[in-house]
Amino acid sequence: MPKEIGSNRIKRLNSIMEKLCSRTVLPGKEIRGTAESVSARTLQRDLRYLRNEFGANILYDPSSDSYSLKNRGTFVLQIRLRESQIEGLAAGIKMASHFLPHMEEDLKDLWAKMASILPPDLVRKGEALGLASVVSTPVSSMDPRTFHLLIKAIQEEKPVRFSYRSPYDDNPDDRDRFVSPWGVFFQAHAWYLWGSHPKLPQGATYRISRIDRALLWPNTDYESPPENQGLSDYASSCWYAYRGGEEVDVKLRIDPPLSRVIPETSWHPSQTFEERDDGSSTMTVRIHENALGSVARWVLASAPFVTVESPLKLADQVEKLLNRLQEKTTTKVLQD
């Protein structure tokens with residue numbers, strides 16, 4: 001660790017590192033601008049000092065006159081945060097501890113460390129916003145080791161093997177799956193893995209709370225995700241992640257008071273709303289056929305204020321769900 005660094009040099013070094021950390025590739029004219037009135041020779045000495053004394057891996061590309069930081073070494077960056085940034089940080093840590101409950105203690109420790117180096121008045125404001133960030137969304141429990149292993153496999157593009165049992169499968173026993181993991185996302189109240197499936201070329205989703213005995217499995221070839229598809233195709237809709245089948249246009253009639261409430265939320269990236277003179281509105285979305293069952297359950301949960309206008313297949317699914325509910329409710333009442 002270097003000793004006896006003058007305050008002016010500390011400011012210069014911090015300015016250089018702050019710029020390098022903010023961009024993947026930094027034009028030379030920008031890094032030279034951080035040196036204020038110092039000479040080009042002084043700037044080069046500062047860069048050499050960062051490399052030699054702090055182990056910062058700063059690369060220079062003469063062909064494009066640009067710099068890139070591959071590793072900041074042991075340099076501790078002193079950053080200046082605005083009040084809104086500190087409040088956002090506190091709220092973000094609070095929300096992350098809710099949606100990643102297995103990391104709650106580590107995140108509390110992180111905020112305690114951050115709070116120890118921040119101005120006390122800003123810490124109080126940040127904590128107040130963090131406490132106000134109440135999240136009522138339930139989160140399914142999962143094995144933290146499994147979650148971290150999947151993240152590692154995604155980053156390193158390595159297949160995994162795990163035991164999995166789907167509640168929608170006729171076979172109640174666990175089955176071994178060999179999957180190339182492509183991404184994880186949170187939806188409804190659980191974390192999901194998006195990855196390969198031998199019978200589904202577009203991939204499949206696996207609820208992480210149902211994954212057991214997960215292992216990295218380099219013995220299997222890694223399958224890349226399909227072209228022109230990303231995680232947002234699965235995680236951008238409230239109607240779960242069911243893909244497959246033809247795309248269909250869905251039209252739903254929404255009556256008051258939900259006609260004023262439902263448009264406030266993004267339920268699907270393709271949604272559009274058309275208001276009617278009687279206060280109702282028409283919601284139109286384009287989804288895959290396999291997602292119709294999820295939409296049918298959403299319609300039933302919003303009854304009687306949401307009804308299906310098209311397609312007929314969706315209306316049939318809603319009717320079947322309603323009939324099953326009525327049958328079970330009637331049977332239960334008669335038994336009691």
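**Figure 1. Domain 3 and domain 4 have centres 30 Å apart, taken over C-alpha atoms.** The protein chain is divided into domain 1 (7–71), domain 2 (83–132), domain 3 (144–230) and domain 4 (247–331); these bounds come from an automatic or database domain assignment. This is a predicted model, in which local features need pLDDT of at least 70 and side-chain atom pairs count only at pLDDT 80 or more, while totals for chains, interfaces and linings use all residues. Residues are numbered from 1 along each chain as its sequence is written, and side-chain values use heavy atoms, with hydrogens and water left out.

**Figure 2. The protein chain holds eleven helices and 13 strands.** Helices (H or I, at least four residues) and strands (E, at least two) are DSSP runs, numbered from the N terminus. The radius of gyration is 27 Å, well over the 20 Å that the globule rule gives for 336 residues, so the chain is more spread out than a compact globule. This radius is taken over C-alpha atoms, and the rule is 2.2 Å times the number of residues to the power 0.38.

**Figure 3. Helix H4 (residues 83–99) packs against helix H6 (residues 120–132) at an angle of about 40°.** Their axes, lines fitted to C-alpha atoms over the stretch in contact, lie 8 Å apart. Angles run from 0 to 180 degrees between N-to-C directions. In the contact (heavy atoms within 4.5 Å), H4 contributes Glu-83, Ile-86, Glu-87, Gly-88, Ala-90, Ala-91 and Lys-94. From H6 come Leu-122, Lys-125, Gly-126, Glu-127, Leu-129 and Gly-130.
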